[in-house]
Amino acid sequence: MTGDWWQSGVVYQVYPRSFADGNGDGVGDLAGLTAHLGHIAGLGADAIWITPFQVSPQKDHGYDVSDYTDVDPLFGSLDDFRALLGRAHELGLRVIIDIVPNHCSSEHPIFRAALAGDESARQRFHFTSTPNDWPSVFGGPAWEPAGDGTWYLHLYAPEQPDWNWRDPRTAPFFDDVLRFWFGLGVDGMRVDVAYGLFKAPGLPPLPPDVTPSPGRLRSNPLACDQPETPEVYRRWREIADGYDPPRVLIGEVNLEPARAARYTGPDRLHQAFAFGFVVAPWDARAWLAAGTALLEHPPVTWVAENHDVVRAPTRYGTPARARAALLTILGLPGAAYLYQGQEYGLPEVDVPEADRQDPAWRRSGMSRDGCRVPLPWPEGFAAPPWLPAPDGWERYLDSPSLPLTRAAIALRRDLRPDPADPVEWSVDGDDRLIARHRAFTLVVAMGAGPVPLPDGEVLISSDPLTRDGLLPAGAAAWVRPVA
Ligand code: NOJ
């Protein structure tokens with residue numbers, strides 16, 4: 001197989017609040033994660049990506065950072081993190097962590113100084129006496145009164161003020177954050193809102209033909225994807241390449257694949273997350289279009305779930321379809337990202353309104369809580385968990401998704417789909433999606449009925465074949481064609 005590990009690695013995403021609770025307070029933590037690393041290694045993953053555990057008032061569950069180089073006591077200590085890193089490396093798991101450079105917490109000392117009137121600190125954010133008409137991604141206006149007749153910009157929650165990347169102190173500040181974690185031995189960074197950072201100069205009002213949609217930063221072209229932003233990653237790549245082994249940078253670049261491609265390359269981010277299968281409905285032509293677009297702009301990452309979107313069994317309509325999606329992202333050349341609980345086929349939970357915690361819920365009615373309910377393992381959450389689990393949650397421990405995930409990752413290791421190999425896609429009249437590459441052929445039955453498989457050896461299928469050897473509706477299979 002060509003390339004570095006990250007080009008075809010399987011990365012398991014950990015949302016630490018909901019993964020495993022080491023101290024019995026109802027919130028997951030680093031000790032709980034360390035104790036369960038064997039589960040992740042046992043799946044065959046190459047790496048974990050841990051969403052933020054740095055010091056934070058938790059207004060957006062860690063994406064509001066008040067100290068970038070320490071661990072929030074809710075999750076443990078730096079020593080706990082060192083122990084986690086050591087254990088992960090012993091198990092052969094690389095560790096990727098989140099960095100949040102677009103915004104910080106309103107409790108960050110520099111923002112507090114700005115609010116207290118320190119003019120130099122104010123330059124590091126966006127303060128104005130004439131706010132524009134930009135909306136926040138979480139609903140409502142993107143401006144919050146600072147209490148002195150001015151407003152400050154927050155593209156997300158009011159407790160998440162945006163850094164001013166045109167201030168010359170911002171870039172070196174984040175260089176130091178990277179060096180801190182890379183110096184500890186962290187293997188890579190997932191860059192939150194990597195396409196944010198710079199805003200259009202002068203923060204002009206929206207053009208008359210632009211109406212941003214709630215929840216979608218990219219629908220405000222003035223607030224993201226500015227020409228200066230990809231340049232930031234040249235500097236970050238130099239820093240990452242200065243370590244042995246080189247560290248990896250994966251950006252959340254929620255743009256069309258052609259535009260996202262400007263953020264990656266040998267002198268920029270290694271990879272950008274691709275959300276094609278996250279936004280595509282269960283529809284063969286939509287998947288074909290998503291997959292084709294992604295493959296046109298390597299390096300490719302395949303993602304079907306994360307902590308921001310409705311769980312796949314609910315989004316695609318059935319548990320079987322979610323298993324097929326799992327086999328799809330693991331069965332294509334490129335990197336595959338799994339979200340915790342995907343291996344148990346967890347559905348989206350309808351969290352009672354009174355228990356919802358997502359800051360976006362209060363502002364816009366959008367709630368991501370349903371995909372963040374703690375994992376079902378019995379020993380994990382002694383106290384009532386921070387989000388309630390539905391009755392019978394433990395039954396997912398016996399989900400057929402678990403053996404499927406293990407078997408598919410093991411097969412993938414043996415068969416090594418090569419990210420450099422071309423993929424030949426097609427869809428036929430039965431809504432049978434086929435993706436052929438050198439290692440094997442992926443078939444997904446996306447229509448209403450069962451479909452025949454191409455001649456060859458069926459390596460794995462997400463559901464048993466019918467008695468006639470057909471692939472049932474809503475299932476996927478990998479077939480090694482006859483030579
Ligand atoms: C993207 C993260 O995935 C999401 O959870 C967070 O709310 C926003 N960025 C803001 O940091």
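Tutor: We will go through the ligand site, a sheet and some backbone details. This is a predicted model, where local features need pLDDT of at least 70, side-chain atom pairs count only at pLDDT 80 or more, and totals for chains, interfaces and linings use all residues. Residues are numbered from 1 along each chain as its sequence is written, and side-chain values use heavy atoms, with hydrogens and water left out.

Student: Which residues are closest to the ligand?
Tutor: A residue is near a molecule if one of its heavy atoms lies within 4 Å of it. Here 13 residues surround the ligand, and Asp60, His103, Asp192, His307 and Asp308 are the closest. The shell divides into four nonpolar, two polar and seven charged residues, where Ala, Val, Leu, Ile, Met, Phe, Trp, Tyr, Cys and Pro count as nonpolar, Asp, Glu, Lys and Arg as charged, and the others, Gly among them, as polar.

Student: How do I read the polar contacts?
Tutor: Look for a pair of N or O atoms within 3.5 Å. From an oxygen atom of the ligand, the distance to a side-chain N or O atom is 2.7 Å for aspartate 192, 2.8 Å for histidine 307 and 2.5 Å for aspartate 308. The protein covers 97% of the 300 Å² of accessible area that the ligand has on its own, by the Shrake-Rupley method with a 1.4 Å probe.

Student: What about sheets?
Tutor: Strands of a sheet pair through backbone hydrogen bonds, either parallel or antiparallel. Strands (E, at least two residues) and helices (H or I, at least four) are DSSP runs, numbered from the N terminus, and two strands pair if DSSP finds at least two bridges between them. Strand 6 pairs with strand 8 (residues 151-153) over two bridges; phenylalanine 127 has tyrosine 152 as its bridge partner in strand 8.

Conventions: A polar contact is a pair of N or O atoms within 3.5 Å; within protein, one must be able to donate a hydrogen and the other to accept it, and residues adjacent in sequence count only if both atoms are side-chain atoms.
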